[in-house]
Amino acid sequence: MAESSTLAQTIRDIVQRHDGLPTRLLQILRETQDSLTWLSPAAVECVAGELGISPDKVRNVAEFYSFLYTQPRGSYDILFSDNITDRMLGSRELLHYLCERLGVEVNAIRADGRVSVGATSCTGMCDQGPAALVNGYALTCLDKPRLDRIVDLVNRQTPLAEWPREFFEVVSNIRRADILLGRHFADGAALRAVLRRGPEAILEEMVKSGLRGQGGAGFKSAAKWISCRNAPGEVKYVVCNADEGEPGTFKDRVLMQDFADLVFEGMTLCGRVIGARQGFVYLRGEYRYLVDALQATLRRRREVGLLGEAILGDPGFCFDIDIHMGAGAYVCGEESALIESLEGKHGVPRIRPPFPTTHGYLNKPTVVNNVETFAATAKIAVEGGEWFASRGTAESKGTKLLSLSGDCERPGIYEYPFGVTVRRVLEDCGARNAQGIQMAGPAGHMISARQFDRRICFEDLATGGSFMVFDQSRDILDGIRNFAHFFVHESCGFCTPCRVGTSLMRDLVDKIHAGHGARYDLEEMRKLGRLMQVACHCGLGQTAPNPVLDSLDQFPESWERRLRSTTFEPAFDLNAALDDARRLTGRSDPGAYLNEEDLLVGAMP
Ligand SMILES: Cc1cc2nc3c(=O)[nH]c(=O)nc-3n(C[C@H](O)[C@H](O)[C@H](O)COP(=O)(O)O)c2cc1C
Ligand code: SF4
């Protein structure tokens, strides 16, 4: 009884802190879980009651996000990053080592309830892996000595706040800076510029700059802001997409860690230009370690008049920013799924059109831009569009932040003018002997050494920023298999071509990887991939087959050497499956057995 009234009081307090708003559901569930370690049925009922919404809705949301638990977890919940670059650094071996030392099975809770260990998709620490999360906080540069100390800390029940600080150290690793990272920016300069020159003049500078969205799709940013500014309605919103879920990408982490003022300035500038009073940062759940510092920056900006009411003394300039935490769903980086998530729902991409610029958050006109895009807009407002456009190529102006990881000596952040060749990047980061690059994450493209003179820009190789290097010692299929599993895990399940297609693709990749594939399976993968590219509802499913299709073209030998000599290899042993029937019918003659030709007749189209 006492326990249930404590639970009710805890949840009531949390809900009140969020003004009882159902749009805050994801944040409320995160905080409830922080207090109670998991979302029990009683907790779900209670949240629903406090918010006046159905328990089913709360349960659906809780079950959608990887970092919300509707089953108990250990008091210390440790999740190893499962990105291929972490695996290349030995993360799987470390995971098993830790489980053995702690006496716990993978994905189970130790009998004393104290600890659970599992894996999660990429944590965005690829430049300082192997990495993991403990209760949502990033642990970097893991090795066996560090894990030995963690075992001790867990067994002694040492609170996380008393764990060595260096375990949680996240360094920025900026290796090359250009106009975005390299030039000093005075806080408030972009806001003074818009007050002095007016929103139209700033939009003109943005048009001149040619800035394109840095989240990957490359939509012209000025066009997006103009569309939202012109959309009817008094209430508009600005959303900064800091979800950064693409494996191998961590440039937005660095911007939020070292350049938060610049990003907030870009958001506030956007607020002034489109006529919005409220902005949101949708921050990747894995970047929880940043929240306190970001809140402190927001407070400071309010204190010095760069945020809040009457910004820089202008009573007509009011804008504030809220931080909204994601909870481990890659699809929520897709802008319409992100908006659903911001509204307190599970993150299923909307049918578009209409687009967010006219029908976004709460159906109001909304600009959604990537972190790097907002940072660039603040610089453009101060330095001018021509200055920005003086860098880059005809169709890709300015610079691009690349997140370098994998087989290179100097992983980290590299800022280059658009148009830089892949070869130049490889030289700079000390990647000798590279066999292939996965550009733009699993959803992007895999290129081989034959293509290293290609240029990074929208005209040639577009990227949101991920650049993973595989040297000659790697089996490309290990990477492809990792990506195929990633997409199955991250598919939101809304549409059949993606829900079923990602699973079928994974099964085919697993089959070939395990040495049971045949040429027939390669053709099946091509057909399935082409189908997914046209039939899936959103970008996740449409791009999910890319790694398979690219590697079939670029690295055919990696696939070929895994194939058996037959042209068809069934996914299961049909002859063995017929054993029971043969026994029951008493048949043992040759005609009761299938030969390879029989199998092919059934299998070939
Ligand atoms: C599955 C999926 C995940 C995405 N993840 C991100 C992300 O983490 N960050 C991001 O800025 N854009 C992401 N995008 C692109 C966004 O939908 C959107 O285009 C972008 O936020 C717009 O900002 P920009 O114009 O500044 O690039 C994703 C798209 C898809 C289909
Ligand atoms: S393509 Fe995949 S992620 Fe996108 S809506 Fe369909 S099931 Fe969801």
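**Helices around H20**

Select Leu522, Met525, Arg526 and Gly529 in H20: these residues meet Val548, Leu549 and Leu552 in H22. Contact here means that the C-beta atoms, placed from the backbone, lie within 7 Å. The residues of this contact comprise five nonpolar, one polar and one charged (Ala, Val, Leu, Ile, Met, Phe, Trp, Tyr, Cys and Pro count as nonpolar, Asp, Glu, Lys and Arg as charged, and the others, Gly among them, as polar).

The model is predicted: local features need pLDDT of at least 70, and side-chain atom pairs count only at pLDDT 80 or more, while totals for chains, interfaces and linings use all residues. Residues are numbered from 1 along each chain as its sequence is written, and chains are lettered from A and ligands numbered from 1 in the order in which they are written.

Now show the whole of H20 (residues 519-535) and H22 (residues 546-554), whose axes come within 9 Å and cross at roughly 130 degrees. That angle makes H20 oblique to H22 (under 35 degrees is roughly parallel, over 145 roughly antiparallel, 65 to 115 roughly perpendicular, the rest oblique). The crossing of H20 and H22 is left-handed (the near helix is turned anticlockwise from the far one by less than a right angle).

Next, select H19 (residues 496-513), which packs with H20 at an angle of about 160 degrees, the axes being 10 Å apart. H19 and H20 are therefore roughly antiparallel. Their crossing is left-handed.

Finally, pick out the residues of H19 that meet H20, among them Leu504, Met505 and Leu508; the H20 side includes Met525, Leu528 and Leu531. The contact of H19 with H20 has eleven nonpolar, one polar and three charged residues.

Definitions and conventions: Axes fitted to C-alpha atoms, helices over the stretch in contact; angles between N-to-C directions. Helix = DSSP H or I, 4+ residues; strand = E, 2+ residues; numbered from the N terminus. Contact = placed C-beta atoms within 7 Å.
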